[in-house]
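Please look through the sequence and the structure below, and then follow the explanation one step at a time.

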Amino acid sequence: MSLIHIENLNKHFKVLNRREGLSGAFRDLFSGNYKTVEAVSGISFDIEAGEIVGYIGPNGAGKSTTIKMMTGILQPTSGVIEVNGLVPYYNRIRQAQTMGVVFGQRTQLWWDLPVIESFKILREIYKVDEKIFNQQMEMFNDLVGLKALHMQQVRTLSLGQRMLCDIAASFLHNPKVVFLDEPTIGLDISVKAKIRSLIKKLNTEHKTTIILTTHDLGDVEALCTRIIIIDKGKILYDGDIKKVNALFGAYRTLKLQVDNFNESTLQVLQEKMTSHFGTDKNFTVSQTEEFWTDITFDQALTPLSDVLNFVMKNFSVLDVRIVEISMENVVQKVYDGALG
Amino acid sequence: MRTLGEYIRLYFIIEAQYIKARMQYRADFIISSIGMLFTSLATLGVFWVILQSVPDVAGWSLMEMVFIYAFYMIAISPMQILFDHIWQLRFHVQEGTFLKYYFRPLNMMFYYMSEMFDLKGLIQLVMGIALLIYSSIQLQVDWTILKFVLLLITLFSAALVQIAIIVAASCAAFWVVESYPVLGLAWKLREFAPYPMSIFDGAFRFTFTFLIPIGFVAFYPSQLFLRPEEVHWFVYLSPIIGVGLFSLAYWIWAKGVNSYTGTGS
Ligand SMILES: Nc1ncnc2c1ncn2[C@@H]1O[C@H](COP(=O)(O)OP(=O)(O)O)[C@@H](O)[C@H]1O
Ligand SMILES: [Mg+2]
């Protein structure tokens with residue numbers, strides 16, 4: 001039997017369209033003017049013990065909502081969900097003993113207390129054996145040098161340090177499964193790398209099952225063998241990351257700020273690029289932020305320098321940034337049939 | 001599942017740490033304790049001023065009023081000391097930080113409330129006890145073992161009534177965005193608790209006795225010790241009212257917790 005079993009799972013939120021002002025609030029109270037948000041609609045998957053799965057998708061895809069159902073916070077609108085053979089929503093306390101959760105940047109440590117005291121309280125909460133506790137603390141120290149932070153108040157930690165502590169804490173009681181929701185969000189590259197290596201080691205240490213939510217493809221590349229892509233509440237892809245990697249590993253997005261930007265810029269750019277490089281080179285021109293034009297392309301087919309040269313020669317460029325392909329672009333490509 | 005004993009032990013472990021951390025802000029503690037002291041003294045001052053101009057309040061003398069007020073101070077202390085985190089509930093709910101309370105293998109109300117411990121409430125408790133002793137000596141209340149047990153039971157029930165009212169009111173945050181008025185009103189109502197209910201006319205007295213029974217926070221139980229001959233039959237129900245009301249508040253809390261969906265991120 002798989003550790004996590006999900007079948008045709010749905011979660012719909014009823015959201016009130018709020019009316020203006022006091023009288024509006026009063027009317028809302030009695031005659032709801034609701035719309036339904038289908039945050040998760042009809043997903044199914046199974047996760048085996050020991051797996052480390054990347055659950056990825058753009059903002060608002062339904063990742064956190066799925067995690068909230070797996071951890072027993074939210075009751076599904078319909079469908080089957082079992083973790084460890086139990087329905088999470090009805091067995092919250094029992095499930096919590098065998099789970100670890102890190103949710104975004106919101107720490108679960110005790111804000112005013114020194115780090116070590118949080119771990120000691122957690123030892124009491126989860127009834128962790130003294131000997132195992134000491135072993136775990138040693139391991140955390142070996143992995144990220146936790147001892148240096150022991151006496152520091154949680155509130156004084158940097159975001160990265162806090163994240164490392166939170167992740168370590170979520171493994172303290174040797175849970176069967178750990179949910180990490182966006183553990184690298186807002187962190188710079190070097191801290192991200194530290195967090196990734198910590199997660200990797202913790203997974204191998206006790207064969208802990210890990211579900212990792214992220215919209216950073218780098219995280220899944222570094223950690224996961226299996227990847228589940230979700231968008232608009234539906235699963236687009238569930239399988240080996242190699243296939244996805246082969247497709248997107250070499251993709252980069254060139255972000256440009258072009259002088260005299262107007263409505264036709266995107267189209268002109270797209271046309272010029274295709275006529276110069278050919279139609280088979282998979283160029284996508286799009287816009288995700290105001291004033292910035294994104295060109296996404298496959299480095300394996302066209303060297304970055306060629307693209308840069310061409311753009312610089314033909315347009316008056318004010319600013320340039322090169323970023324890894326965004327989740328939104330990946331999803332678009334999957335929709336376009338890139339994964340067959 | 002965890003036993004009550006384990007919960008109490010855990011509570012002490014968390015609070016010991018919390019107090020240690022708080023002690024770093026000693027000035028803050030001292031100033032707010034002094035503030036609390038003066039608030040209590042001010043109310044007693046008001047009684048004194050009133051009773052300088054009129055001989056009694058609805059037939060109750062100054063010293064009897066002090067007794068009722070002392071009972072009130074003790075009865076609301078558990079709410080202030082143990083349930084102080086309730087004031088933050090609406091922020092946690094709105095900002096989504098409430099989510100973390102679901103992740104531990106603990107009763108959620110316990111875990112949530114254990115995150116705050118109001119030290120200065122202890123000052124109020126001690127003051128209340130001192131005033132209760134002083135006024136009952138002045139009033140020549142003759143304490144028997146039975147009466148003392150009755151005092152403990154009624155104090156416990158009164159504390160539950162106060163806790164229940166505040167917890168239930170704060171749960172509005174689970175369903176309404178602008179929920180503060182509900183809690184604010186509930187908190188304001190407690191100010192009527194240390195007065196003889198007979199000074200309120202029909203509708204108010206009915207409300208304070210049967211609907212939002214703040215009369216059970218101080219006045220009615222105090223009657224048992226000051227003027228047992230005037231006690232209404234329903235005053236003897238106060239333990240049931242306390243436990244019943246708290247159960248109701250807990251049920252509302254559980255409903256809120258189960259229907260909370262967090263914030264759309
Ligand atoms: N508590 C909620 N109430 C209403 N809508 C919600 C709530 N939580 C999430 N949503 C909506 O559901 C969708 C999925 O959200 P979420 O699961 O948080 O996405 P992700 O974690 O992938 O960014 C979004 O459109 C979001 O606005
Ligand atoms: Mg999310």
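Two strands are said to pair if DSSP finds at least two bridges between them, where strands (E, at least two residues) and helices (H or I, at least four residues) are DSSP runs numbered from the N terminus. This is a predicted model, in which local features need pLDDT of at least 70 and side-chain atom pairs count only at pLDDT 80 or more, while totals for chains, interfaces and linings use all residues. Residues are numbered from 1 along each chain as its sequence is written, chains are lettered from A and ligands numbered from 1 in the order in which they are written, and side-chain values use heavy atoms, with hydrogens and water left out.

In chain A, four strands form an open sheet in the order 11-12-10-13, with antiparallel pairing. Because strand 11 (284-286) and strand 13 (317-324) of chain A each have a single partner strand, they stand at the edges, and one side of each is left without a neighbour in the sheet. From one strand to the next, the twist averages 20°, angles being taken from 0 to 180 degrees between the N-to-C directions of axes, which are lines fitted to C-alpha atoms, for helices over the stretch in contact. Strand 10 (residues 251-258) and strand 12 (residues 292-298) of chain A are joined by seven bridges in the antiparallel sense, and Leu256(A) stands opposite Thr293(A) in strand 12 of chain A. Helix 11 (residues 304-314) of chain A lies across strand 10, strand 12 and strand 13 of chain A, and runs at about 160° to strand 13 of chain A; contact here means heavy atoms within 4.5 Å.
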